[in-house]
Amino acid sequence: MFSGSLRGRLLWWLLLPLAAFVSVSGMISFRNAQTTADLVQNNALLSSIRIIGEDIDWDNGNVTIQIPPAALELFESPEQDSVFYRVEASGHRLLAGSAELPLPARTGEGPTLYYTRLDDGRSVRAAAYVRQLYDSGRTERVVVAVAKTEGSRDAMVWRLLRPQLFGEVLTLLLAMVFVYLGLTFELRPLMKVKDDVEDRNPSQLEPIRVARLHVELKPIVEAINQCIARMGQQAATQRQFISDAAHQMRTPLALLDAQIQFARQCENHDVPLAEALSGMHKSGRKLTTLTNKLLLLAQAESATPFSARERIDLSALIASVLEELISFAQSREIDLGAELEAGLFVAGDEALTAALVTNLVDNALRYTQRGGRVTVETQAGGDVAIVRVVDNGPGIGAQARARVFERFYRASNHAEGTGLGLPIVKEIAQRQGGTVGLEPGENGVGLIATVEMRLWAAPP
Ligand SMILES: Nc1ncnc2c1ncn2[C@@H]1O[C@H](COP(=O)(O)OP(=O)(O)OP(=O)(O)O)[C@@H](O)[C@H]1O
Ligand SMILES: [Mg+2]
């Protein structure tokens, strides 16, 4: 029970002993109430037999008795208990009351208190005592017994017990409520740690900072922070490795490319060799592209998050990217246009931002059919600049759209590619505090890639 909840477990630890305490103390209170009620009932019975005993007298040589009303009035109560009495002289001669009330088996000097059962099965509490009467040499032994049912006694037990029980149950309930509220309040720093960890994206590796942390929680958060620091180091080492490897590969790849070009230019090739060289050339190009993309991804990943290092003129940057891509657009007979808002300055790394735009426009040009149209638009929106790359190509289906930001995922194999373009775009956008999204174009035709970038704010 409550195995998964700290609050539940702590409640359990507190309530279990508290409930045990309340039960024991309830039992003691019950015993005390019984003792008190018995005492009151016994006293009434003893008083009653005494009063009756006082009124036994000799009358003309005979023992007589007049039951005084006070002796029975003692037992008046709202519970209306039945009262019985029996006064008996020597030789079982009944002087008053009813013989139905059994007498105690033995009567000693003083009064005797006893429980007995009437013929009709009712259980009663009784008191009896023996009075010796002397008159002119005669001795008479008179037994007086009074009994009552226990309704008033039981009611008294309950009356004495009720406030005690009420207090104890109330204490238990209040303890539960206060423990619950207290825990909820005291667990808030822990919940903040949880939110902090939960809201992080995988690349966010700063230590967790929580104000006013309990002494008990500090070691846990410190341990998590140490773990985060180690993960950060590990990630940095990996990025560095990929970046170094890509750098190292670039030079031999460029060399290989040049050598293949040279070999292809030499004359007297037979056909198979020319084909082989052409294949090698293609593979070399692919490897170069892949290496460049891996390098770009590593650079994007190692950019400081949300850093606003440079003030970038967005329109100028996009114009120069489009200029570079215009010949590619022409080769694919695509109408490449732009609607740029002047005076938009964003914060970020210029080379990475250019790579972001290049990748989006490159995709639009690559996947849109010949004769299609690609437009890049910019626009200010609040404290962000919005860049939209709109094409009228095949677009991306909803299922694939959910996956295209995964590394090496490709939705189609029509054109060549590595599947790293959009992951690079996302990494750069996020590193610069922006977002990227894809949606179908107007009437479901084509694709609209939207990037929001932070506008440049002059440092205070
Ligand atoms: N404008 C677009 N129109 C249609 N499909 C697109 C468009 N942009 C991207 N895609 C699809 O999304 C997939 C992932 O794109 P991404 O840019 O990540 O990789 P790639 O273009 O295949 O390779 P790379 O850009 O690394 O050379 C592509 O394979 C393509 O199927
Ligand atoms: Mg691409």
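**Notebook: the site of ligand 1**

I began with Ser412, where a backbone N or O atom sits 3.1 Å from an oxygen atom of ligand 1. I keep in mind that this is a predicted model.

For Leu422, I noted a polar backbone atom at 2.8 Å from an oxygen atom of the ligand. I then checked the cover: ligand 1 on its own exposes 600 Å², and the protein buries 97% of this area.

Which elements give two or more residues to the shell around ligand 1? I looked them up, and they are helix H8 (350-367) and helix H10 (421-431).

I went through the neighbours too. There are 20 residues around ligand 1, and those that come nearest are Asn363, Tyr367, Arg410, Thr418 and Leu422. By residue class, I have the shell down as 10 nonpolar, seven polar and three charged.

I also checked the pockets, and the largest pocket is the space that ligand 1 takes.

Last, I stepped back to the whole chain. I noted its division into domain 1 (6-157), domain 2 (202-302) and domain 3 (307-454). For the spacing, I have 101 Å between the centres of domain 1 and domain 3, taken over C-alpha atoms.

How values were computed
Residues numbered from 1 in each chain as written. Chains lettered and ligands numbered in written order. Predicted model: local features only at pLDDT ≥ 70, side-chain atom pairs only at ≥ 80, totals over all residues. Heavy atoms only, no water. Near = heavy atom within 4 Å. Polar contact = N/O pair within 3.5 Å; in protein donor to acceptor, adjacent residues only side chain to side chain. Areas by Shrake-Rupley, 256 points an atom, 1.4 Å probe, with all protein chains shown as cover. 1 Å grid on protein atoms, 1.4 Å probe; cavity = no way out; pocket = protein on both sides within 12 Å on 5 of 7 lines; lining within 4 Å. Sits in = over half its atoms within 2 Å of the grid points. Helix = DSSP H or I, 4+ residues; strand = E, 2+ residues; numbered from the N terminus. Nonpolar A, V, L, I, M, F, W, Y, C, P; charged D, E, K, R; others polar. Domains from an automatic or database assignment.
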